[in-house]
Amino acid sequence: MAAVVDFLDLRAAAPFVVAALAFYFLVEQLSYHRKKGPLPGPPLVVPFVGSVAHMIRDPTGFWDAQAARARKSGAGLAADFLIGRFVVFIRDSELSHRVFANVRPDAFHLIGHPFGKKLFGDHNLIYMFGEDHKDLRRRIAPNFTPRALSTYAAIQQRVILSHLRRWLDRSAANGGKAEPIRVPCRDMNLETSQTVFAGPYLTKEAREKFERDYNFFNVGLMALPVDLPGFAFRSARLGVARLVRTLGECARASKARMRAGGEPECLVDFWMQETVREIDEAKAAGKPPPAHTDDEELGGFLFDFLFAAQDASTSSLCWAVSALDSHPDVLAGVRAEVASLWSPESGEPITAEKIAEMKYTQAVAREVVRHRPPATLVPHIAGEEFQLTEWYTIPKGTIVFPSARREDVVYKRNFLAFGAGPHQCVGQRYALNHLVLFMALFVSVVDFRRDRTEGCDEPVYMPTIVPRDSCTVYLKQRCAKFPSF
């Protein structure tokens, strides 16, 4: 009898539930169209989830569709709806510059990822504004002086060559079969970042845990933002917390060594050398420590650097190999320039002065990054309404995606791979040096050929863009004597 009553209650409630859902659907469509205004976009959106299924299933196709809408409309803009949020895609470079130049509390907030604060934590360089942000960038400046970059270059070359040696040995053991290099590039970059940023302060055990946690982070970046046990997003968030603590311990150890008069050997040393001086001066004056000098907060900033360097460089190295294979004349030019300045048989690393002389190779590196920027989109959120054009105002709360990718435009102002405005990448010289060094060493010690198949160079998100086939290549040693220094 009770079951019958419950069934009748459900039947009686059904019309109200249907009416409520229909009302919700109508309100959401009206809200979407009010915000969309004249922008091109889907005429109807799926309640709450919007186009997220398409974005997760085929991210390349999804963003290409946004770019196509923006281009065909002539507006340079397109609208869509993702997990309850209205989004605007910007293809026009001048409009992207407007967003980058207006990162401030009453305009746009750089978020890096639609759920970045939950994933990265609040203590993150990309979420800072104004004088506080300027002061932190001033403190970071010693990390990228010519002296510091020269120190990093020697480390980068040692790590790159040790991995190239492994690639060649593995290729020989496999009978010269073609192998994808995306994962080997990622492993090489992770070791490079760990060694350049944290140097002697990461033990072998810590590096192994670091690699595991960073893999959790990478997987979580591309997963649905479900912060529950067993889901990739939760594993990523917890992994980031562990990584930040580990890097904070490195900052503390570096402070002690710099305070004792040690010479800088890695990025955190260059940073802490000035930091301990400011801390000690404040203590002597009876003042509290300067802002942003706490160990764990510094660990968060170091994680920002590692995240920026790791997957972005993996993407650039893969596209560089693909581009050099596709353009034999460019490959010959890079080889000729490098050979005029350095030889694998010299027994010496490439010096900072010689890197500076590699003008052609540097130009190739910049073109690789322009044509295939690792992060094609840089998400921001509109903290307030913002009039982007004479005819369109971005509503408050909108997630805005300025695009850094304009394959059809080559002028300098459209070079947005490292962003623009107050949040332009502070480590871009380091990143370009890394790409230049990799290309110089790779073309000098390796003969290579792409295993080209249909669609192999279509970009896929991993989470930065890489060739669909993970850049599969044939490798063999080119030089008579492999470099060792």
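**Surface patch and helix packing**

Y24, V46, F48 and V49 form a nonpolar surface patch with about 340 Å² of accessible area together. Areas follow the Shrake-Rupley method with a 1.4 Å probe; for residues, only the protein chains shown count as cover. Patch members have over 30% relative accessible area and no salt bridge, with like charges joined within 9 Å and nonpolar side chains (Val, Leu, Ile, Met, Phe, Trp, Tyr) within 5 Å. A salt bridge places a side-chain nitrogen of Lys or Arg within 4 Å of a carboxyl oxygen of Asp or Glu.

This is a predicted model: local features need pLDDT of at least 70, side-chain atom pairs count only at pLDDT 80 or more, and totals for chains, interfaces and linings use all residues. Residues are numbered from 1 along each chain as its sequence is written, and side-chain values use heavy atoms, without hydrogens and water.

V49 lies in the loop between α1 (2–36) and α2 (52–57). Helices are DSSP runs (H or I, at least four residues), numbered from the N terminus. V49 counts as partly exposed because its relative accessibility is 34%. Buried means under 20%, exposed over 50%, partly exposed in between (1.4 Å probe, protein chains only).

Helix α11 covers residues 267–284. The expected span is 1.5 Å times one less than the number of residues. Buried residues of α11 include F270, W271 and I279. The buried residues of α11 pack against α6, α7, α8, α10 and α12, with contact meaning heavy atoms within 4.5 Å. Just after α11, G286 takes a positive phi of about 75°.

G300 sits in helix α12. At 6% relative accessibility, G300 counts as buried.

Methods. Helix = DSSP H or I, 4+ residues; strand = E, 2+ residues; numbered from the N terminus.
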